[in-house]
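Visitor: I have a structure open and would like to learn how to read it. Could you walk me through it?

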Number of protein chains: 2
Amino acid sequence: MNAEIIAVGSELLTPHRSDTNSLFLTAHLNGMGVDVVYKTIVGDDRARLTETIALAWNRSPMVITIGGLGPTEDDLTRECAARALGRSLMKEASLVESIESRFRARGMHMPEINLRQALRIDGAAILDNPKGTAPGQWIEQGGKVLMLLPGPPRELEPMFLAACLPRLRELVPKAALATRVLRIVGLTESAVEQLAAPIYTQYTNPITTILAAPGEVQLHLKGFGESMGAAEAGVSELLPRLEQAIGESVFSIDGASLEEVVGRELHARHASIAVAESCTGGLLAERITKISGSSNYFLGGVVCYSNAWKSKWLNVSSELIEAHGAVSSSVAEAMAEGVRRRSGATYGVGITGIAGPAGGTVEKPVGLVFIALAGPRGTAVLEKHCYGERELVRWQATQSALDMVRRAIAKERHLAAPRS
Amino acid sequence: MNAEIIAVGSELLTPHRSDTNSLFLTAHLNGMGVDVVYKTIVGDDRARLTETIALAWNRSPMVITIGGLGPTEDDLTRECAARALGRSLMKEASLVESIESRFRARGMHMPEINLRQALRIDGAAILDNPKGTAPGQWIEQGGKVLMLLPGPPRELEPMFLAACLPRLRELVPKAALATRVLRIVGLTESAVEQLAAPIYTQYTNPITTILAAPGEVQLHLKGFGESMGAAEAGVSELLPRLEQAIGESVFSIDGASLEEVVGRELHARHASIAVAESCTGGLLAERITKISGSSNYFLGGVVCYSNAWKSKWLNVSSELIEAHGAVSSSVAEAMAEGVRRRSGATYGVGITGIAGPAGGTVEKPVGLVFIALAGPRGTAVLEKHCYGERELVRWQATQSALDMVRRAIAKERHLAAPRS
């Protein structure tokens, strides 16, 4: 079954905003075997919005509109959808009452304009909006369905989950889709392709596609079937074959990010980590602490943007910095060991490099980064040549650092039993 | 003049990818007075892509397609555009030669499949692609234009700037558009609306719209005219009136981010900063060091995720932590003063709070953050109640911290001359 999504709002046609709700909806639709085949973004314009809904309704069995359900003159989705389907709009007494009571509860008088939100398309079921005043609508006709959903994600998401998903499960033929994402770090896209293609091309179900992101490559597996079991069958056969072929560069098969995987492993082993960053400026600490519960294993970090800080806070000697330069293997090593020693963490990470755009030389070009990991079995240093702009260099450096920690823990796991 | 954009590629209809090229194109089109009225995202599907291009060509004077110009079977844009316009495709000898020579230069033999990229739509001008093998195409007919551009931003952007913009300047009627964005911190959307609406509603040109982002509100001004001078006239009259009404909460009128503004001010005054973070986990340091050249004023940061770190690295006494709790005004103050004293920076920032989702209590709920700023004239503490999820709490906390620094510098500026 195919669906299309229409995101409504003139602000989505400016350089400043883009639709992200459709990604949430697509994930859930894909999960029930529904493919999204068109997404259209259209402004708050009566003629264009009506035309867009009519066209979609004409060609697709499932249409979802996002936004344009507010109380202002600009909120045209109810009206245009009614016109596109040739239906009338009527004021719904129960909605008037519920909107009025929302205002009363906050000690406010309902402005006249809010009555627009009580308009229901003839034949539509109302979708409750516990997070706002804009109710959604659900119109079914001859096996086809049109959903009108509000624009703010915090209103759209609970409404879709609570009111649309159960109805869709009734409506959508029981074609199941099983998806899995292998996330890979430390290999290029073509290296992954070379390892994986000979295997996945043997399968027409699941379908495998390869996607590259900065510092990461992903393999997306999509298995189809009449039941979830059937859809899963191919996936669960192919997945371990790919994992084995690619090896330890696979860091996750359940969607977990690299910082999540590292966090889980540290936590499971009662280990801790502390970081000392120069060119990444706090990004590594920020990524680690993005994970709720990271205080269980993250002791802290130092961002050393001056040589004085490296000496004062981490006991990196100024002679060492003078002899090798602040961007050097030796300084990265001293930073990692310094922060590990001072904090008492199981692992200490040190990063120094040239993020650019300024500061590069012939010997030490922009993108050169040294990453050191000090642990129970000594210190290792990686010399990494990152590409692209400042932000991209910083991202790749933290990606490599997290990956070094991940691999070190995996190695420990083979050498010794957990401490607990 | 109106334009529409078609982004081509099945990966753009998955939950994992979204089109960002259209934001770049929209900014440039708006700059010449062209409005984008539709964006459509369609997969690598012959029938759907042909229909989409035909519809757009039929209703809009300017159509831009993005992607689908590669050499593989999935790259259908050339073929579908030709079909939609009722034109033929022909192999272009000069393109064959240039693609072959690209391969030769890298010591490789050109695969037969790459000849697809030498197909030119009858009547199209070829747009050079110095960054890749996929040339773009430009088709003009009766005052209308269709552009086929490649998908990767690093190919699309230089091609659009070098080959499309100059042609568009000839084609587009000389309607000019002057835009300006006022960025505001520390006021809610409705507070800004209350201050600004009585002024901007007096103008039909420029048009003003209000947009809220986490920890920030923006006013977008759009002035129209036959010349740039005419378009600018209204904007340069309205802008200072809005600035005056909103006051020092306006932090930028040139697009600069808060971290950029703070960086410029610190640099101009030869001042420096160091930060001590708990719940923001390095995000503040990361934002400050995102700016190239930040080593001129950023000395460093400490991420104290444990109480031991607060004591050991910043001399925050454990008695103080015990008496008031780690999340308290006194501890924020001690962190700010500790990092300022140890680093010798002009300003020291301390942040401690509860980012959630765990760790909240009745007295100290999730979202409570204390932000302290220690400077030449003493220490100030802000108690802030942030809303939303972990990432949003962290973002708002750093936004407030940067804003405190900005306001402190502004106050200093009024009290004393710069140090230099």
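Visitor: How many residues of chain B are in contact with chain A?

Guide: Happy to start there. This is a predicted model, where local features need pLDDT of at least 70, side-chain atom pairs count only at pLDDT 80 or more, and totals for chains, interfaces and linings use all residues. Residues are numbered from 1 along each chain as its sequence is written, while chains are lettered from A and ligands numbered from 1 in the order in which they are written. Two residues are in contact if their C-beta atoms, placed from the backbone, lie within 7 Å. By that rule, 45 residues of chain B touch 45 residues of chain A. On the chain B side, helix 1 (21–31), strand 2 (35–42), helix 9 (283–289), strand 14 (298–304) and helix 13 (390–415) each supply at least two residues. Helices (H or I, at least four residues) and strands (E, at least two) are DSSP runs, numbered from the N terminus.

Visitor: What is the predictor's confidence here, for chain A and for the complex?

Guide: Where pLDDT is low, the predicted coordinates should not be read in detail. The scale is the predictor's confidence in each residue, from 0 to 100. Chain A has a mean pLDDT of 92, with 98% of its residues at 70 or more. For the complex, the predictor gives an ipTM of 0.79 and a pTM of 0.81.

Visitor: Which strand of chain A pairs with strand 2 of chain B?

Guide: Two strands pair if DSSP finds at least two bridges between them. Strand 2 (residues 35–42) of chain A pairs with strand 2 of chain B in the antiparallel sense, over five bridges. One example is Ile41(A), whose bridge partner is Lys39(B).

Visitor: Why is strand 16 of chain A described as largely enclosed?

Guide: A residue is buried if 20 or more other C-beta atoms lie within 10 Å of its own, exposed if 12 or fewer, and partly exposed in between, with C-beta atoms placed from the backbone. Strand 16 (residues 368–375) of chain A is largely enclosed by the rest of the structure because eight of its eight residues are buried. In a regular strand the side chains alternate between the two faces of the sheet. Here Leu368(A), Phe370(A), Ala372(A) and Ala374(A) are buried on one side, and Val369(A), Ile371(A), Leu373(A) and Gly375(A) are buried on the other.

Visitor: Which strands pair with strand 16 of chain A?

Guide: Strand 15 (residues 347–353) of chain A pairs with strand 16 in the antiparallel sense over six bridges, and Gly350(A) has Ala372(A) as its bridge partner. Strand 17 (residues 378–385) of chain A is joined to strand 16 by eight bridges, also antiparallel. Strands 16 and 17 of chain A form a hairpin with two residues between them, and Val369(A) stands opposite Lys384(A).

Visitor: At what angle do helix 6 and helix 7 of chain A pack?

Guide: Two packed helices are described by the angle between their axes and the distance between the axes. Axes are lines fitted to C-alpha atoms, for helices over the stretch in contact, and angles run from 0 to 180 degrees between N-to-C directions. Helix 6 (residues 189–200) and helix 7 (residues 228–246) of chain A pack at about 150°, with axes 9 Å apart. Among the residues that meet are Val192(A) and Leu195(A) in helix 6 and Leu238(A) and Arg241(A) in helix 7.
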